[in-house]
Amino acid sequence: MVSTYSLKVYVEVMAVFTPEGRLIPKTITWEDGRVYQIDRVTDVRRACSLKAGGTGLRYTCVISGKTTHLFYEDDNKWFVERKTASV
Amino acid sequence: MDRVILHSDANCFYASVEMLHRPELRNVPMAVGGDPAARHGIVLTANYPAKRRGVKTGMALWQAREVCPEIQFTSPRMDLYLRFSAMLREMYGEYTDRIEPFGCDEAWLDVTESADLKGDGEKIAHELNRRIREELGITVSVGVSYNKIFAKLGSDYKKPDAVTTMYREEFKGKIWRLPASDLLYVGPSTKRKLLKLGIGTIGGIAETDPRILEQHLGKMGGILWAFANGYDTSPVRVENTHAVIKSIGNSVTTPRDLLNEEDVKLVLYVLSESVASRLKKNGFRCRVVEISVRDNGLFSFTRQKKLEQSTDIVREIAENAMALFRENYSWKAPIRSIGVRGAELVTAEFSDQLSLFSDPEYRRKQHRADEAVDDLRRRFGFYSVQRGIMLTDGALSHIDAEEDHTVHPQGYFGQ
Ligand SMILES: [Mg+2]
């Protein structure tokens, strides 16, 4: 049985535009309402996510010492890859 | 100095975009096709596992299921594919501004200028190929050559996800043994004529006296001979982004089969209204009207007609469509789906040659009448105003004309 459990999670993001016009995400709100502060963005590049299924600007974010990818799609939605496939 | 031309072709484009977004479809035979619930949808694109099982573009969904019972179908999401098409172009734009799209999943790039800066054509091709896979999550095959025809043959040569060069010193070995029908513009009828001359390969065309080819194929014979020998010098045409819309068309699979001319006329009017209204919305007029017809068996055809004057007038589009239909359909079977398309678009500023019989004042009135109808419909809804003919069959006139924003390949020689 193919699971319909999606590995692509659209999230709410708070972001700022810098005076130079760069878009930097600051917080991610997870499905359950928890808010995560993004300490640092270490890399931004266009990349696809085969796991979640999609493409966009990929922000490599450091959150509480852990690295996670946050994607900004061309339709202005943000998504992250769900960590585990098990329900 | 030789030009450096790339031809980039996204592999199984619609299917690849779907597989990226829906991981569960990646390793199973699947195809993108008209609404599987509706009758008589067709396969638009199949992925490789499905193709290996014999599924082909244009097959009815039921036929595809016959050759591959476990195939999964998914409905097309054109807006998503067009977004990917735009992202591809954006990436090509990092290498050159000389980009000529051919359909929404193919493009020629003239990188002669940037070849010095970014390395030679082959290196750029490999970089594009890798970046598209990593950044967009789909794959392309890229051909590299010194002319557009060979570059295209290069992108066809090895699929998926590959780069093939077709340089001067290579093309005889790689291209000449290919079947003649691989060459752009060798369709079934040209292929038959060539076979009669004993020519089955591209090399065969190249090594035949061009005068003999012209004798049998007309002007096209000479052109094909030049193509086969690598003498194609046609430029990569730079286009502005608006020109991406090549034609505007609407088609429909009707709620019941069309049985007679009256039925057809009604539907053609409904479709023509929608085409004309979309032409106006985009500031275009068309110089060619095209119809496509599919009967309830396997027979289908498209026919075009060049207009004396460009138009966005419902009545002119519909009457030309109807004339095309009368000339080309002999009613061996009822009709299942039908489409109208306006092509060779010109902007509203384009001025036509006035002909002896054209009546500019009458046309202006027609135009104003259409505009008034469009305006009423904008304000009061589509069915607030209807043509008399549409009251003859409620079901047929309430069909939902399917907007098909296929970006059509332009003719190779432009217009
Ligand atoms: Mg393709």
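**Reading rings, a cavity and a metal site**

Modeller: Welcome! The structure holds 17 aromatic pairs over all chains. This is a predicted model, in which local features need pLDDT of at least 70 and side-chain atom pairs count only at pLDDT 80 or more, while totals for chains, interfaces and linings use all residues. Residues are numbered from 1 along each chain as its sequence is written, chains are lettered from A and ligands numbered from 1 in the order in which they are written, and side-chain values use heavy atoms, leaving out hydrogens and water.

Biologist: What describes a pair of aromatic rings?

Modeller: The distance of the centres and the angle of the planes. Rings of Phe, Tyr and Trp (its six-membered ring) pair if their centres lie within 6.5 Å; planes under 30 degrees apart count as stacked, over 60 as edge-to-face and the rest as tilted. Here B:Trp225 and B:Tyr231 are tilted, at 5.6 Å centre to centre and 55 degrees between the planes.

Biologist: Why is the pair of B:Phe325 and B:Trp331 edge-to-face?

Modeller: Because their planes stand at 70 degrees, with the ring centres 5.7 Å apart. Both belong to a cluster linked by ring pairs, together with B:Phe299, B:Phe301 and B:Tyr329.

Biologist: Is B:Phe325 buried or exposed?

Modeller: Buried means under 20% relative accessible area, exposed over 50%, and partly exposed in between (1.4 Å probe, protein chains only). B:Phe325 has 1% relative accessibility, so this residue counts as buried. B:Trp331, at 28%, is partly exposed.

Biologist: How is empty space found?

Modeller: Rolling a probe the size of a water molecule over the atoms shows where empty space is left. On a 1 Å grid over the protein atoms alone, a cavity is a set of points where a 1.4 Å probe fits but cannot get out; lining residues have an atom within 4 Å of a point. Grid points are joined across faces, edges and corners, and a volume is the space filled by probe spheres set on the points. This structure holds one cavity of 30 Å³ or more. The largest cavity has about 60 Å³ of space. Its lining has 10 residues, and among those closest to the centre are B:Glu273 and B:Arg377.

Biologist: Which residues coordinate the magnesium ion?

Modeller: Donors are N, O and S atoms within 2.8 Å of the metal (3.2 Å for Na, K and Ca); water is not among the atoms, so sites may look incomplete. B:Asp9 (OD), B:Ala10 (O) and B:Asp105 (OD) coordinate the magnesium ion at 2.1 to 2.4 Å. B:Ala10 and B:Asp105 are 95 residues apart. At 3% relative accessibility, B:Ala10 is buried.

Notes: 1 Å grid on protein atoms, 1.4 Å probe; cavity = no way out; pocket = protein on both sides within 12 Å on 5 of 7 lines; lining within 4 Å. Helix = DSSP H or I, 4+ residues; strand = E, 2+ residues; numbered from the N terminus.
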